Structure formats: structure tokens, C-alpha cells
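Hi everyone, thanks for making time.

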Amino acid sequence: MTDLTVSTPLLPSAELVKAGRSGNPWARGRLPVLLLFLPPAILLFTLFVILPMGEAAWYSLYHWNGYGSPQQFIGLRNFQVLFNNAAFTQALWNNGLIILVSIVIQIPLAIWLAMMLAHRIAGVVVFRLIFFLPYILADVAAGLIWRFVYDGDRHLAIYAVLAVIVWKYFGFHMMLFIAGLQSIDKSVLEAAEIDGATGWQKFRHVTLPLLGSTVRLSIFFAVIGSLQLFDMIMPLTGGGPSNSTQTMVTFLYTYGVTRMQVGLGSAVGVVLFVICVTLAFGYKRIFMRND
Amino acid sequence: MTDADTSTRTSVATRVYLYVALSIIAVLVLIPLLTTALGGFKSLGELRTNPFGLPSTWYWSNYTDILFGDRYWRQMVNSLIIAALTVFLTLAVSAMAAFTFAHVRFFGSGFLLNYFLVGLMFPAATAILPLFIRIRDLGLLDSYWGVVLPQVAFGLGMSILLFRNYFRNLPEELFEAAFIDGCGYIRFFWYISLPLARPIIATVGIISFVGSWNSYILPLIMLNSESKYTWPLGIMVYRGEYGTNWQLALAFITLTILPTIIVFFIAQKHIIAGLTAGAVKS
């Protein structure tokens with residue numbers, strides 16, 4: 001692979017570098033590196049991410065139990081069934097509610113804690129560690145733990161789910177805000193102080209605007225994370241009682257996977273995909289253009 | 001920290017407020033965890049009457065029975081094997097691909113990078129049924145690879161992005177100097193890029209390890225026999241089997257999350273930095 005480089009050591013350096021970057025594909029072993037380094041990633045990604053997504057779109061038009069090949073074409077009937085299914089609309093509603101709570105409760109809580117931990121007092125590191133701890137635990141373990149803590153009232157199940165989500169994820173958002181706060185220029189805050197700004201004014205008019213890009217990032221993660229919630233719900237409520245805590249993915253699992261209704265399950269996947277991609281693209285385009 | 005100057009001026013009142021507020025939140029975070037760990041030491045009867053307090057008698061057998069059985073260890077080993085394979089493959093495949101995006105100019109490079117970045121947009125759950133059918137048709141159902149390969153594939157978008165950004169920020173002079181010394185791309189990758197990329201290797205490694213270790217939906221769908229179960233599947237089954245015998249389930253949960261907690265406290269700086277910086281940098 002290095003023959004060429006060894007055989008032409010007398011070329012002027014500038015040309016040598018140029019030769020490697022353009023023109024002759026063999027220069028510096030450019031072709032071998034492409035042939036060796038790219039195919040594993042392309043193969044894995046195509047086989048296990050892109051093709052399955054395409055297949056989900058295809059299967060969603062069929063009634064199919066997963067054996068043989070899909071034959072019974074039913075057009076958009078699976079989607080029609082979905083949107084007329086009370087459990088699925090409940091799931092959509094719950095996903096929306098989870099996003100709302102993540103944004104309205106979790107993010108302000110995270111900012112408040114990050115601000116408190118910005119003070120130089122003893123024990124800051126310990127508090128930071130404790131607050132981050134739930135985030136590294138598996139969702140399944142968190143769900144089971146809280147299942148035991150709650151054990152009882154089933155009417156407020158969805159609120160229980162929301163509380164556990166905040167318990168599990170606020171530490172992650174708090175760390176984002178701690179990083180965001182550290183990048184704020186202290187002299188701006190000092191200037192505000194000299195101008196006689198109170199604590200709240202400093203926060204409202206200096207800190208918060210400067211945290212803008214972190215807030216947008218934090219909301220982005222909250223939204224994407226909320227949409228794929230599954231692991232925590234299964235041990236906590238399993239989607240019940242009477243489907244009141246279903247999310248899109250628990251619905252997909254309960255009605256698609258366990259009953260091997262490939263068409264219906266794939267249709268849920270397609271809906272989830274469209275929502276994720278639309279939100280991700282739209283959000284990035286509208287709110288994160290300059291970040 | 002932001003308010004470096006406040007160190008001198010943090011008034012007593014502020015300090016009291018900070019400690020009270022922070023302690024309340026810390027207690028709310030820790031209570032469920034302590035309840036779980038203590039619950040594992042209680043008898044079923046006591047668990048009903050006194051779910052949150054200290055046990056009146058400490059039943060060590062709940063814990064020791066699990067530790068001396070092979071079920072717990074088998075699940076830990078399964079999780080470890082799957083996580084190790086996932087980390088290794090993710091690092092190898094994404095570092096190589098990212099290197100070509102960062103340093104080699106080729107036709108369609110921009111398009112190809114965007115192709116991988118599509119993977120950042122949606123979770124594995126969206127394609128879980130076709131994925132199951134593919135793994136089944138490849139004969140990989142109920143094998144470690146049936147979990148590892150999809151996990152690696154879905155982690156590629158993020159990992160390639162992190163590696164590429166890092167490689168691109170390596171000083172250009174390094175590259176030119178190596179070229180003049182007659183170093184080809186592959187040797188450059190192996191001897192210069194990779195050794196310099198240790199921080200980002202740690203970041204990507206931590207993200208994919210934690211993701212794999214805690215993953216539930218993929219093992220749930222791909223693994224059938226209990227001898228291959230990872231621990232998140234294992235605790236669900238255990239809990240199902242022992243039904244209302246919560247004291248056993250609690251002991252089992254405590255033991256399964258214990259390694260995570262220990263590793264977290266040992267390597268907290270790296271883990272927190274890896275998991276949050278990874279999110280910010282991509």
C-alpha cells in the first residue's frame with residue numbers, strides 16, 4: 001500500500017500532499033483504504049437499519065403473520081385500524097404528555113439544580129453524582145424499583161410513569177446545563193451585577209438567553225427520548241391498566257410483536273418513524289439553525 | 001464554576017437554602033434505591049408492614065442464595081459478552097468509516113455521510129419487526145450476534161459523527177508531515193489517528209457499553225433460551241416467577257444494578273463526561 005510513496009521520495013512536498021488528496025486514486029493507498037474501511041459500516045448499516053426501515057414501510061401494507069412472504073395486500077387498512085384503535089390513540093396522547101412533562105417540569109428542574117450546583121460550596125461533586133445516578137441505571141431496573149415503591153393505586157398509573165421519567169432523566173439534562181453554564185463568560189454576569197441587576201434579573205436577562213442553545217438541545221433529547229419510551233413502561237405497568245399507559249412502542253410490542261401481526265406492527269413503526277424524522281428535521285431547521 | 005466570585009460571598013442564608021434544597025432532591029433520588037436494597041434483606045411479612053424502614057431482622061439468605069446460584073452470574077456474563085462485542089465492533093467499524101470521511105476525498109463522500117446520519121433520527125424500535133424477521137432468516141435468532149449486530153448498526157450514526165469530528169480537528173500539519181515521510185492512509189490511521197483519538201474512543205466506548213448493558217427491547221425480541229438471557233431480561237423473568245415474593249426480586253434487582261453503581265462511582269468523571277459530552281458534541 002505504501003509502494004508508491006516509497007518509490008517517489010523525491011517529489012516536492014506540496015505536490016506530494018496534493019497527489020494524495022486528489023487525482024490518482026492509488027496515491028497514498030487511497031483506493032485500498034476506501035475498499036477496506038467503508039464496506040463494513042455500509043454493509044451493517046444497510047442490512048440492519050435502512051433495509052428494515054424500508055421493509056417496515058412495505059410490510060405495513062400487508063396482512064402478514066411473518067411466515068413465508070407477505071401476500072395479502074390490504075393497502076392502508078393497517079393505518080386505518082391503528083388510528084381507530086383506542087389503545088393506539090391513547091398511546092399517541094401519552095407520548096405527547098410525556099414530551100410535555102419532560103419540557104415543562106424536567107428542564108426547569110434541571111436548570112434550577114444546575115444553577116445551585118454552580119455555587120462553590122462543599123459537597124457539590126457528591127450531589128452531582130447522586131443526581132446523575134438514576135440516568136445510568138437501566139430503564140428496566142428503574143421501572144421495577146418504582147413498581148415496588150408504588151405497588152397499589154392503579155388509577156394514577158400514568159402520573160406514576162411521568163414521575164419515574166423525571167426521576168430517571170433530570171440528571172442527564174442537569175449535566176447538559178452544568179456544561180452550558182460553564183461556557184458562559186463570567187464578565188457578562190459581573191457587568192450585570194455592577195449595573196445593579198438582582199439575582200432573578202441576572203438569570204432572566206443574562207444567564208437564560210445565553211443558555212439558549214443548551215435549552216434547545218435539551219428539549220431535542222427530551223422529545224426524541226420520550227418518543228421511544230418502552231423499557232421503563234414494561235416493568236412499571238406493562239401499558240395497563242386497560243391500556244392507560246401505552247406508548248407507541250409498548251403498543252407496537254403488545255399488538256405487533258407478541259401477536260406476530262407484522263403488518264400492523266410495521267405500520268406503528270412507520271408512524272413512529274414519520275413522527276421522529278419530521279420532529280427532528282423540523283426542530284433542527286427551525287430552532288437549531290445557528291447552534 | 002460560573003460564579004467563581006460567589007465563593008467569598010455565599011451568605012449563610014444562601015448556603016442553608018442550597019443545602020436544604022439539594023438534600024431534599026438527593027433524598028428523593030436515593031429513597032427508591034435504598035428501599036430496594038434494604039427490601040432485599042427483609043422477610044415478605046415485614047416488607048408488607050414496613051416497606052421503607054430498616055429491616056428488624058436482616059435476612060442475608062435472600063442475597064446469598066442468588067450469589068451462590070449460577071443464574072445471576074450467567075446473566076451477568078451474557079450481558080458482558082454482548083456489551084464487549086458491541087463496543088469492539090462499534091469502535092472498529094465506526095472509526096474506520098469516520099477516518100475516510102475526515103481524511104480521504106472521494107466521490108459521494110458527503111452523500112454517504114448523510115446516509116449514516118439518517119440513523120440518528122429514529123430508534124431501533126421503529127423497524128423492530130422487520131429486524132426480527134431479518135435476524136431469523138439469517139439464522140441468528142437466539143444468538144449473541146442477533147443482538148450485537150443490530151445494536152452496532154443503530155449506534156453507527158452517532159459513533160461515526162463523533163469520530164469524524166474528532167479526526168477532523170487533529171492538526172493538519174500532522175497529516176502533511178506524515179505524508180512527506182511516506183506514510184500511507186492506513187498506516188496514518190493506525191499509528192497516528194487512533195493513538196491520538198483515545199478520548200473519543202473512550203466516549204464512544206462508554207456510550208455503546210452503557211447502551212448495550214442496559215438494553216432491553218433487542219434481547220427481549222432476539223433471545224429465546226434463558227441460558228442466553230441478559231440481565232434486564234433476567235430480572236423481568238425473575239420478578240415474573242417469584243410474583244409477590246418481592247423480597248427476592250428486590251435482592252435480585254439490587255445485585256444486578258450493583259456492578260453499574262460500583263463502576264459508576266469508580267469512573268464517574270469519565271462516564272459523566274462521556275455520556276454528556278457525547279450528546280453535546282454530536
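**A walk through chains A and B**

Let's start inside chain A, where 14 residues of domain 1 of chain A are in contact with 13 residues of domain 2 of chain A. One thing to keep in mind throughout: this is a predicted model. Which parts of domain 1 make up that side? Helix 4, strand 1 (62-63) and helix 5 (77-83) of chain A each put in at least two residues. Helix 4 of chain A has the largest share, with 4 residues. Sort the domain 1 side by class and you get 8 nonpolar, 5 polar and 1 charged. As for where the domains run, domain 1 of chain A covers 3-79 and domain 2 of chain A covers 80-287.

Okay, stepping back to the whole of chain A. We've got 15 helices and 2 strands there. Of the 291 residues in chain A, 42% are buried. And if you take the contacts in chain A with a separation of 6 or more, 69% of them are between residues 24 or more positions apart.

The crossing of helix 4 of chain A past helix 15 of chain A is left-handed. If you want to find the spot on screen, look on helix 4 for A:Met53, A:Ala56, A:Ala57 and A:Tyr59. On helix 15 of chain A, they meet A:Val262, A:Gly263, A:Ser266, A:Gly269, A:Val270 and A:Phe273. That contact between helix 4 and helix 15 of chain A has 7 nonpolar residues, 3 polar ones and no charged ones.

Next stop, helix 14 of chain A, residues 248-257. Is this helix enclosed or out in the open? Here 9 of the 10 residues are buried, so helix 14 of chain A is largely enclosed by the rest of the structure. Among the buried ones are A:Met248, A:Phe251, A:Tyr253 and A:Val257. What do they pack against? Within chain A, it's helix 6 (86-117), helix 12 (212-227), helix 13 (233-236) and helix 15 (262-287). From chain B, helix 7 (128-137) and helix 12 (217-222) join in.

That brings us to the two chains together. How many residues are involved? In chain A, 83 residues are in contact with 80 residues of chain B. Helix 4 (residues 39-59) of chain A shows up again: with 11 residues, it gives the most to the chain A side. By class, that side of chain A has 61 nonpolar, 14 polar and 8 charged residues.

Last, a quick look at chain B itself. Chain B splits into domain 1 (6-64) and domain 2 (70-242). Taken over C-alpha atoms, the centres of these two domains of chain B are 37 Å apart. Buried or exposed? B:Glu172 has 10 C-beta neighbours inside 10 Å, so it counts as exposed. From B:Glu172 to B:His103 is 69 residues in sequence and 9.9 Å in space, C-alpha to C-alpha.

Terms used:
Residues are numbered from 1 along each chain as its sequence is written. Chains are lettered from A and ligands numbered from 1 in the order in which they are written. This is a predicted model: local features need pLDDT of at least 70, side-chain atom pairs count only at pLDDT 80 or more; totals for chains, interfaces and linings use all residues. Two residues are in contact if their C-beta atoms, placed from the backbone, lie within 7 Å. Ala, Val, Leu, Ile, Met, Phe, Trp, Tyr, Cys and Pro count as nonpolar, Asp, Glu, Lys and Arg as charged, and the others, Gly among them, as polar. Domain bounds come from an automatic or database domain assignment. A residue is buried if 20 or more other C-beta atoms lie within 10 Å of its own, exposed if 12 or fewer, and partly exposed in between; C-beta atoms are placed from the backbone. A crossing is left-handed if the near helix is turned anticlockwise from the far one by less than a right angle, and right-handed if clockwise.
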